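Please look over the sequence and the structure shown here before reading the briefing. The points that follow are grouped by topic.

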Amino acid sequence: MSDWRDVLEQLVMARGKALFGYAYVLTGNRDEAEDLLQDALVRAFRSGRSAQSIDAAHVYVKKAIATAFIDRARRASVRPRLVSEDAALGDWPVTPDHAPRTDAALDLQVAVRTLAPRERACVVLRYMEDMRVEEIAGALGIAPGTAKRYLFDAVAQLKVVLPELDFAMQDAAEVAVSEGGER
Amino acid sequence: MIEARIAFQELRQRAGAAYDATELAADVAPTERRVARDRARQRGLRAVIGAVAAAGLWFAAANVPWGGGQAGPAHTPTAVPSASPSISALGLDLCLTSASLVVGKPTETIGGLEGWFNSTGTAPCDLSTEWDQLVMAHPDTILINTTDNTMMEAYYRTSIDALGAYANLGPDFVVPNPDPTWPADSLVLIDAKTGEVIFADPISDYSEDISDTAKDDATAGS
């Protein structure tokens, strides 16, 4: 058995659940999450660079999941861009009861799905993977300033529908979310 | 207040619970086969690129004047170039090149379309996805509204020169030579270089329920 097959099998066995959960939160759909994870595994292992250890492969697959998710969303369909498309955040549906932690998670799942793909990827990497802005930018292949903007927009939108969630992080200074900030 | 990070962890835990029922958890072999197939295909592609590059070097060496303008002896390169040339070095990084927009005439509600033709990838083209193939095949495109044969938008990744006359159509954005085969009342995307129709969809397809979905569309755009 070749090395990459060993690493792939061990990765799927030991980290499959976590990677799948990550993909599931991004896609919001079990079948899409499995497809996404499989695509990401193929992307990661076909080059051979990531197949040297489980940890290296794990990092690479997480990055591949994010990029594959964005690419999929991008090519999924051609959509019209409205002449005027300012989002009315105040019109978003607000779920009335969020008290229990589980309910918060479920509400979060619904809310995350309303975000644009790049915003979704940024906020998931930030709050689920505890990545800093620079790491998010590296994972998505975008500039740190761009990642910061996506994160800012995403958190601002999530705060509208999930006011009971605290989005502050220890290093939150880099993602200072102020009301009425520029989009 | 609940920490967002805790809610995300809870969400992932719940999502991960569905993993055991997946095909991947049951059997990793199909994924292994896909990887093996892709690795074999990439080896083949690298071999072809290497052979083409080697042939190019051989041709150049055989035809470059040698000394006083005399053609030199045929030279067979002793070393084939790197077996894994950078894709971007070969000019195949259009996927990472953002498409520049030339604004044309919108309809009452539609300002343009969003799709692969004006999106930027997150990784270099690797030709294994439809998105990459489309971008490679059609880096410069023009979106035409056949209701009045005007240009709605144009997108270029190579150079604005690739758009030809479409780069500056004047204030009315009337296309110079509308193709009579273009379907009426449609948004038609053509290749700027070849004029090939890439897709054509009736405007009504985009206009239907547009007011109902406007909020989602606006927030889903990136």
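**The nonpolar cores**

Setting aside neighbours within four places in sequence, A23(A) is in contact with A33(A), L36(A), L37(A) and I65(A). The model is predicted. In general, nonpolar side chains in soluble globular proteins tend to be buried together.

- The largest nonpolar core has 66 residues. The residues with the most contacts inside this core are A23(A), V61(A), I65(A) and V123(A).
- Several elements of chain A give two or more residues to this core, among them α1 (3-27), α2 (30-46), α3 (54-76) and α4 (101-112). The list also includes α5, α6 (133-140) and α7 of chain A. Chain B takes part as well, through α1 (4-16).
- The largest share of this core comes from α1(A), which gives 12 residues.
- Another core, of 26 residues, lies apart from the 66-residue core. Its members include L94(B), A99(B), L143(B) and M152(B).

**Chain A overall**

- Chain A contains 7 helices and 2 strands. Along the sequence, their pattern is α-α-α-β-α-α-α-α-β.
- Of the 183 residues in chain A, 47% count as buried.
- Among contacts in chain A with a separation of 6 or more, 63% are between residues 24 or more positions apart.

**A helix pair in chain A**

Two packed helices are described by the angle between their axes and the distance between the axes.

- Helix α5 (residues 117-127) and helix α7 (residues 144-161) of chain A have axes that come within 8 Å and cross at roughly 85°. Angles of 65 to 115 degrees count as roughly perpendicular, so α5(A) is roughly perpendicular to α7(A).
- On the α5(A) side, the contact is made by R118(A), E119(A), C122(A), V123(A) and R126(A). On the α7(A) side, the residues are A147(A), Y150(A), L151(A), D153(A), A154(A), V155(A) and L158(A).
- Sorted by class, the contact of α5(A) with α7(A) has 8 nonpolar, no polar and 4 charged residues.
- V123(A) belongs to this contact, and V123(A) is also one of the residues with the most contacts inside the largest nonpolar core.

**Chain B overall**

- Chain B has 6 helices and 9 strands.
- Of the 222 residues in chain B, buried residues make up 25%.
- For contacts in chain B between residues at least 6 apart in sequence, 58% join residues at least 24 apart.

**The open sheet of chain B**

- In what order do the strands of the open sheet of chain B lie? The sheet has 5 strands, in the order β4-β7-β6-β8-β9, with antiparallel pairing.
- The edge strands are β4 (100-103) and β9 (197-202) of chain B, and each of them pairs on one side only. From one strand to the next, the twist averages 15°.
- Strands β4(B) and β7(B) pair in the antiparallel sense over 4 bridges. In this pair, S100(B) has Y156(B) of β7(B) as its bridge partner.
- Strand β7 (residues 150-156) of chain B is mostly covered, with 6 of its 7 residues buried.
- Strands β6(B) and β7(B) are antiparallel and pair over 5 bridges. Here L143(B) stands opposite E153(B) in β7(B).
- Strand β6 (residues 141-145) of chain B is also joined by 5 bridges to strand β8 (residues 186-191) of chain B, and the two run antiparallel. L143(B) stands opposite L189(B) in β8(B).
- L143(B) is also among the residues of the 26-residue core.

- Strands β6(B) and β7(B) form a hairpin with 4 residues between them. N149(B) is in the turn and has a positive phi of about 50° although it is not a glycine.
- Is N149(B) partly exposed or buried? N149(B) has 17 C-beta neighbours inside 10 Å, so it counts as partly exposed.
- D185(B), in the loop between β7 and β8 of chain B, has a positive phi of about 50° although it is not a glycine.
- D185(B) has 11 other C-beta atoms within 10 Å. A residue with 12 or fewer counts as exposed, so D185(B) is exposed.

Methods
Residues numbered from 1 in each chain as written. Chains lettered and ligands numbered in written order. Predicted model: local features only at pLDDT ≥ 70, side-chain atom pairs only at ≥ 80, totals over all residues. Pairing = 2+ DSSP bridges. Axes fitted to C-alpha atoms, helices over the stretch in contact; angles between N-to-C directions. Parallel < 35°, antiparallel > 145°, perpendicular 65-115°, else oblique. Contact = placed C-beta atoms within 7 Å. Nonpolar A, V, L, I, M, F, W, Y, C, P; charged D, E, K, R; others polar. Buried ≥ 20, exposed ≤ 12 C-beta atoms within 10 Å, placed from the backbone. Core = buried A, V, L, I, M, F, W, Y, C linked by C-beta atoms within 7 Å.
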